[in-house]
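These are my notebook entries on one structure.

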Amino acid sequence: MPPSPVPAGYHRVGDERLGVSLPIPDGWRAGPRTGDEVTYTDPTGLAGITIGTVDPAGANPEAHFLDIETNTKANYPTYRRLRMQQTTFHGEPAAVWEFTFKGRVRVFRAVDLGYGREGGREYDIHLSAPDAKWDAYRPVFDQARDGFAATGS
C-alpha cells in the first residue's frame, strides 16, 4: 500500500539508517538520531513524534509495548493506560497503545503504533503531546501514520 500524499503544511522526511520516510509538519525539527530512533519536535518543544525500529522484532508488537509499559509505570506513577490493542498495519501484525502521564508541569498524552513480523524489523510511530492540546496534535500522528513508508533499508 503506497503512503498517502503529503498534506499541505507538511514535508516528507526520510531516514536511511532507519529505512523510513513519513510526513512531518513544517517547522518541526529532528533531534539527535540514534541507531534505532529519531524524534521530530514541534517549535514549542512540548510535542514530539518519535520513529523507532526494533531489529529483530519480537513475537508481536503488543508484547513489546507490554514490556515498555512496565518501565513507563515505574518512571511515571501517574501513568494511565487508555488502550492497548492488537491490529494490523500495512498487512503486518500491529498494536496501538494510548496512555497519559504527568510530566514535571503538565499531563501528557501519547499514542504509539508498532508493527512488524517476528524476526523482521518492527517499526514504531510514537506521538507525545500536552493532553490539554491533544485534539490539535493528534492529527500529526494520523498524518505520519498514513504517510509512513518503510523504504527497505
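**Entry 1: the largest pocket.** I looked up the lining of the largest pocket and found 24 residues, of which Glu37, Thr50, Phe99, Asp112 and His126 lie nearest its centre. On a 1 Å grid over the protein atoms alone, a pocket is an open set of points where a 1.4 Å probe fits, with protein on both sides within 12 Å along at least five of seven lines, and lining residues have an atom within 4 Å of a point. The model is predicted: local features need pLDDT of at least 70, side-chain atom pairs count only at pLDDT 80 or more, and totals for chains, interfaces and linings use all residues. Residues are numbered from 1 along each chain as its sequence is written, and side-chain values use heavy atoms, with hydrogens and water left out.

I noted a space of about 570 Å³ in this pocket; a volume is the space filled by probe spheres set on the grid points, which are joined across faces, edges and corners. I then sorted the lining into 11 nonpolar, 9 polar and 4 charged residues. Here Ala, Val, Leu, Ile, Met, Phe, Trp, Tyr, Cys and Pro count as nonpolar, Asp, Glu, Lys and Arg as charged, and the others, Gly among them, as polar.

Which strand gives the largest share of the lining? I found that S5 supplies it, with 5 residues. Helices (H or I, at least four residues) and strands (E, at least two) are DSSP runs, numbered from the N terminus.

**Entry 2: the open sheet.** I traced an open sheet of 3 strands in the order S1-S2-S10, with antiparallel pairing; two strands pair if DSSP finds at least two bridges between them. Strand S1 (10–15) and strand S10 (149–150) are the edge strands, each pairing on one side only. I recorded 6 bridges between S1 and strand S2 (residues 20–25), and the bridge partner of arginine 12 is proline 23 in S2.

**Entry 3: a hairpin.** I found strand S6 (residues 80–89) joined to S7 by 9 bridges, the two running antiparallel. Arginine 83 stands opposite glutamate 98 in S7. The hairpin has 2 residues between the strands, and histidine 90 takes a positive phi near 55 degrees.

**Entry 4: aromatic rings.** I noted 12 aromatic pairs in the structure. Rings of Phe, Tyr and Trp (its six-membered ring) pair if their centres lie within 6.5 Å; planes under 30 degrees apart count as stacked, over 60 as edge-to-face and the rest as tilted. The ring centres of phenylalanine 65 and tryptophan 97 are 5.5 Å apart and their planes lie at 35 degrees, so this pair is tilted. Phenylalanine 65 is in helix H1 and tryptophan 97 in strand S7, 32 residues apart.
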